[in-house]
Amino acid sequence: MIANLIVGGLAAGCLYAMVGIAIVIVLNITDIANFAQGEMAMLTTFFAYWLMDSLGLPWWQAVSIAIVFGLLQGIVVQQVVIRPLIGGPVLSAIIATLGLNVVLNSVAGMIWGHQTYTFPSPFAFSAPFMVDGVPIAVDSVVNIAVGLVIIVCMTLFLRFTWIGLGLRAASQNQTVARLMGVSITRTSAIAWGIGGMVGAIAGVLVAPSLFLDTNLMGALLIKAFAGGVLGGLNSLIGVFLGCLALGVAENLAGAYVSPSFADATTFIVIIAVLAIRPEGIFGRVRVRKA
Amino acid sequence: MSTAADILRVPRSRISPGWGSALVGLCLLLAAVAPFGLNGYALYLLTLTEIFTLVGLGLNFLTGYAGQISLCHAAFFGVGAYATAILTQKAGVPYLLSLFAGALFTTAIGAIVAVPALRLKNIYLAIATLGFGVVLQKIIFEWRSLTGGGGGLALNAPNIAGYDLGATGLYYLTFVLMTLGLFGAWNVSRGRTGRALLVIKDSEIAAGSLGIHAPRYKVIAFAISAFYAAIAGGLFAYLVRYINPESFSVGLSISFLSMVVIGGVGTIGGSIVGAAFYVIVPELLRGFKDAPGLVFGLLLVVVMVFMPQGLWGMVRRLAGRS
């Protein structure tokens, strides 16, 4: 029972973590909390659905194309909406992403309507794995595996490639990064592209279990923010572990404390953690000389 | 609706102080006679604008002056609404008294929320306050014996000293409270507290070295802000006559915040313009068949891209130039 709950929590946590990573990459480079991330992923998922449903593409092809679409979408959004806002008040940029959130939601609503669709998954009907007598659903395993692959790839990418190095430099100090020859507009476009791509993967994975509709990602977005803050926003590993912890805590609170207070219990835990460690569990405290 | 357009004209008052007070007076006068020229629905929208203006004033105090983000204002709004409604409906307290009692209760909650918020900044603060919002909303939802839970509460017409307040009566009550709220916000923001908060927003270390006790002022800012939201909530409950916990969700908190930013952070006029934008623009967009959301969202983006200081900041700049 408890093992089941934990595995379920980890699987949900990995989905939060994907959205969380998408948000944090953008946040660290541009200081903008992207409220449109959820709807961007939702639109990409609908695009994948359209590819399968209308063009009859197989799952793998549709999903691969959709992930590329997510990447391009992120870059376009950055170029059109965010680029003019660089240098202005951060809060204005955040509200602009909120507006974009509304726009994307109603665009999807106009194209596909507000009914729910069943998003196919190649893993839906596979028999669950049995580990030590505990049945584990295949899509949980897939979520966890994909989550792990993404976090490992992102860490390697940020640590060992020139582009990743540029991203890290830009997130630490933009002026110095620019002096070292890192183009801030290009890095920021790359960050948004990565965000769109990772978000797209999360959308495709979450859609089969939640049914596809225009409000697919709303709850996930808030959870991703919360998990990221819990772990500490300035390290990817922190965000990942924070989101996993959030997923597990939510499942356990739902089962053992009270199902209707699961959300509230989780947030109480988050507030308590933040009261003790204001930068999140794994966050580094930045000493600010003002 | 003519009144909202007139509110937008206020900033020309920046040209000279004499004209300024004349224009403010004119706006107040227009707002005072508005019920005679408007139909029921337009009056409802105008009342709603004034209620949101109150929330905006409070939130602007916290975000614009103290630089603190809050995503639990919908919950303060909701607690104010429920406290007023329950005191009036179930305990039989006179409406005005329960409005203020409810607001004081919410103020206390605001001060409590501020305590863990003292250590947090930016998005960490946003998530912590969002958490408080979720918890408060959940408490309202689950405390069925008192609040009616998900079924909500239906309310009778409010009653002041034996007279039932109709739509016009409630409009005037809201108008008076909003005017008081504007006056209060104007005073507080220019006084000791407002100036202290402005310093805290720029640099807490500088504030500390000037002898400003930052935590104390932050708690005050949260408390005042919650008070405004709760008064607005108490009015809102009796404007719509039916409240339900779903109305006070995180989405509403986010709308409040964008209202303030669209209007112009840290300005009193911005609260009015932002509230008017949020209430009236969606109404004007009803004509667009499927797309009110699309156009509204685009407007949000466009306003932010071209006027990062908000509508009021833009108007102010134009007025300053002419």
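## Report on a predicted two-chain complex

Chain B averages a pLDDT of 81, and 91% of the residues score at least 70. The structure is a predicted model, and the predictor gives the complex an ipTM of 0.76 and a pTM of 0.81. Among the elements of that chain, helix α4 (residues 73-89) of chain B has the highest mean pLDDT, 90, whereas helix α1 (residues 2-9) of chain B has the lowest, 42. Over residues 1-15 of chain B the pLDDT stays under 50, and for this stretch the model has 36 contacts beyond four places in sequence.

**Overall form of chain B**

Chain B contains 15 helices and four strands. Its radius of gyration is 19 Å, close to the 20 Å that the globule rule gives for 322 residues, so chain B is as compact as a globular protein of that length. The C-alpha trace of chain B spans about 55 × 50 × 45 Å along its principal axes. Of the 322 residues in chain B, 49% are buried. Among the contacts in chain B with a separation of 6 or more, 75% are between residues 24 or more positions apart.

B:T88 lies in helix α4 of chain B, and B:T106 in helix α5 (residues 95-117) of chain B. The table sets out the surroundings of each.

| Residue | Other C-beta atoms within 10 Å | State |
|---|---|---|
| B:T88 | 25 C-beta atoms | buried |
| B:T106 | 30 C-beta atoms | buried |

Why is B:T88 classed as buried? The cut-off is 20 or more other C-beta atoms within 10 Å, and B:T88 has 25, so it counts as buried. Leaving out residues up to four places away in sequence, B:T88 touches B:V93, B:Y95, B:S98 and B:P158. B:T88 and B:L38 are 50 residues apart in sequence, and their C-alpha atoms are 29 Å apart in space.

For B:T106, the residues touched beyond four places in sequence include B:F76, B:V79, B:G80 and B:A83. Also touching B:T106 are B:A226, B:F227, B:A229 and B:A230. B:Y228 is 122 residues from B:T106 along the chain, yet the C-alpha atoms of the two are separated by 9.4 Å.

Helix α4 (residues 90-112) of chain A has 23 residues and reaches 33 Å from its first C-alpha to its last, close to the 33 Å expected at 1.5 Å a residue. This helix of chain A is mostly covered, with 17 of its 23 residues buried. Just after α4(A), A:G113 takes a positive phi of about 75°.

Between the two chains, 36 residues of chain A are in contact with 34 residues of chain B. On the side of chain A that touches chain B, α4, α9 (218-231) and α11 (262-276) of chain A each supply at least two residues. The largest share of that side, 13 residues, comes from α4(A). By type, the residues of the side of chain A that touches chain B are 29 nonpolar, six polar and one charged.

**The nonpolar core**

In soluble globular proteins, nonpolar side chains tend to be buried together. Here the largest nonpolar core has 201 residues, and those with the most contacts inside it are A:M18 and A:I21. Apart from neighbours within four places in sequence, A:M18 is in contact with A:G147, A:I150, A:V198, A:I201 and A:A202.

Note on methods: Residues numbered from 1 in each chain as written. Chains lettered and ligands numbered in written order. Predicted model: local features only at pLDDT ≥ 70, side-chain atom pairs only at ≥ 80, totals over all residues. Expected span 1.5 Å × (residues − 1). Buried ≥ 20, exposed ≤ 12 C-beta atoms within 10 Å, placed from the backbone. Rg over C-alpha atoms; globule rule 2.2 N^0.38 Å. Contact = placed C-beta atoms within 7 Å. Nonpolar A, V, L, I, M, F, W, Y, C, P; charged D, E, K, R; others polar. pLDDT = per-residue confidence, 0-100. Core = buried A, V, L, I, M, F, W, Y, C linked by C-beta atoms within 7 Å.
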